[in-house]
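Me: I'm looking at this one for the first time. Please take me through it one question at a time.

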Amino acid sequence: MELAEALARRAVVLDGGMSTALELAGHDLSDELWSARLLLTDPDAVRAAHLAYYRAGAEVAITASYQASFEGFARRGISEAETARLLRSSVELARSAASEVDGPRWVAASVGPYGAVLADGSEYRGRYGLSRQELVRFHAPRVETLCEAGPDVLAVETVPDVDEAEAVLEVVRGSGVPVWLSYTVRGDRTCAGQPLEEAFAVVSGVDEVIAVGVNCCAPEDVAGAVAVARRVTGLPVVVYPNSGEQWDAAARSWSGDGGGFAARAEGWVDGGARLVGGCCRTGPDAIAVLAEGLAAGR
């Protein structure tokens, strides 16, 4: 069954944070490549993280390619050919993990924003001083390589502004590979400050887009974004916010309460969300609770 077909029938469970699962397993991610480094140094760990989420009830695994790029790996002296292999392997690892569980499972190839490559927090603000065509040239080789690996969908995620969304959509248009577009937001605006009505409207006419929504945001920002996404696009909505804890950049630590994350999901689904999961600080345990709750509501 195609993912789009499943979304037309019911809510589908996404996984949680790849970095969270890896850190819970004891891996050190204090590196500018973040979880993408393990594609090179410990691919079995990446596969194990996917499997943990699938076994917890996730139906869609997002690959470890968020921070993977030709530019980022080149700074480590890794060739373009090897980088392409690593990008393709991110899809293969998730697919391999899916083969160990029963039921429908899908693989979403992560396409993170340009700012993730800078590893300086820019993915949360956008407006990097690049033209649209410069952003197209950055995204195109990675998107094309991931498409070659045969994912079920491209997860264009944590996009901070409309300019970059338009650039990535230019790349994916005509590819024939399903896409979801997910912004990172603050309140009712993108992190670059654009109204969500404007942000979601850019998918009009792009046949590849099967869902739009938000990720890597506060849980309290989700319901409003779902309503806007549904009204503007009529498409299924994807949501995978953070746990609710707050990141202190100066102290490099999390604080606050992430409890009750899964309990909010019922309201998101009632509002039109059809792909539901978690981002930062949501691990397999949180996804297990989420999956159980959604299953009970079907």
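Me: How many Å is the polar contact that joins the side chains of T63 and S65?
Reply: This is a predicted model: local features need pLDDT of at least 70, side-chain atom pairs count only at pLDDT 80 or more, and totals for chains, interfaces and linings use all residues. Residues are numbered from 1 along each chain as its sequence is written, and side-chain values use heavy atoms, leaving out hydrogens and water. A polar contact is a pair of N or O atoms within 3.5 Å; within protein, one must be able to donate a hydrogen and the other to accept it, and residues adjacent in sequence count only if both atoms are side-chain atoms. For the side chains of T63 and S65, the value is 2.7 Å.

Me: Why does T63 count as buried?
Reply: Buried means under 20% relative accessible area, exposed means over 50%, and partly exposed is in between (1.4 Å probe, protein chains only). Setting aside neighbours within four places in sequence, T63 has contacts (heavy atoms within 4.5 Å) that include H50, S90, V91 and A94. T63 counts as buried because its relative accessible area is 3%.

Me: In which loop is S69 found?
Reply: Helices (H or I, at least four residues) and strands (E, at least two) are DSSP runs, numbered from the N terminus. S69 is buried, at a relative accessible area of 1%, and touches T83, V117, F138 and R142, not counting residues up to four places away in sequence. Its loop is the one between β2 and α5.

Me: What is the bridge partner of V13 in β12?
Reply: Strand β1 (residues 12-13) runs parallel to β12, joined by two bridges. For V12, the partner in β12 is L275. For V13, the partner is V276.

Me: Which residue of β9 stands opposite G213?
Reply: β9 pairs in the parallel sense with β12 over three bridges, and with β8 over four. Both faces of β9 are covered, with V237 and V239 buried on one side and V238 and Y240 buried on the other. Opposite G213 stands V238.

Me: How many residues does the largest nonpolar core have?
Reply: A nonpolar core is a set of buried Ala, Val, Leu, Ile, Met, Phe, Trp, Tyr and Cys residues joined through side-chain atoms within 4.5 Å. Those with the most contacts inside the largest core are L154, L181, Y183, V239 and V276, and the core has 88 residues.

Me: How many Å does α11 reach from its first C-alpha to its last?
Reply: Helix α11 covers residues 222-233, twelve in number. The expected span of a helix is 1.5 Å times one less than its number of residues, and here the reach is close to that expectation. From first C-alpha to last, α11 reaches 16 Å.

Me: What do the buried residues of α11 pack against?
Reply: V222, A225, V226, V228 and A229 are buried in α11. Just after the helix, G234 takes a positive phi of about 75 degrees. The buried residues pack against α10, β8, β9, α12 and β12.

Me: Which residues does UniProt list for "binding site"?
Reply: UniProt positions are given in the numbering used here, with shortened feature names, and annotations may be inferred rather than shown by experiment. The listing comes from an unreviewed entry. Its residues span 65 residues in sequence, yet no two of their C-alpha atoms are more than 6.5 Å apart, so they gather at one spot. UniProt lists C216, C279 and C280.

Me: What relative accessible area does C279 have?
Reply: C280 is buried, with a relative accessible area of 12%. Not counting residues up to four places away in sequence, C279 touches, among them, G16, G17, T20 and C216. C279 is buried as well, with a relative accessible area of 14%.

How values were computed:
Two strands pair if DSSP finds at least two bridges between them.
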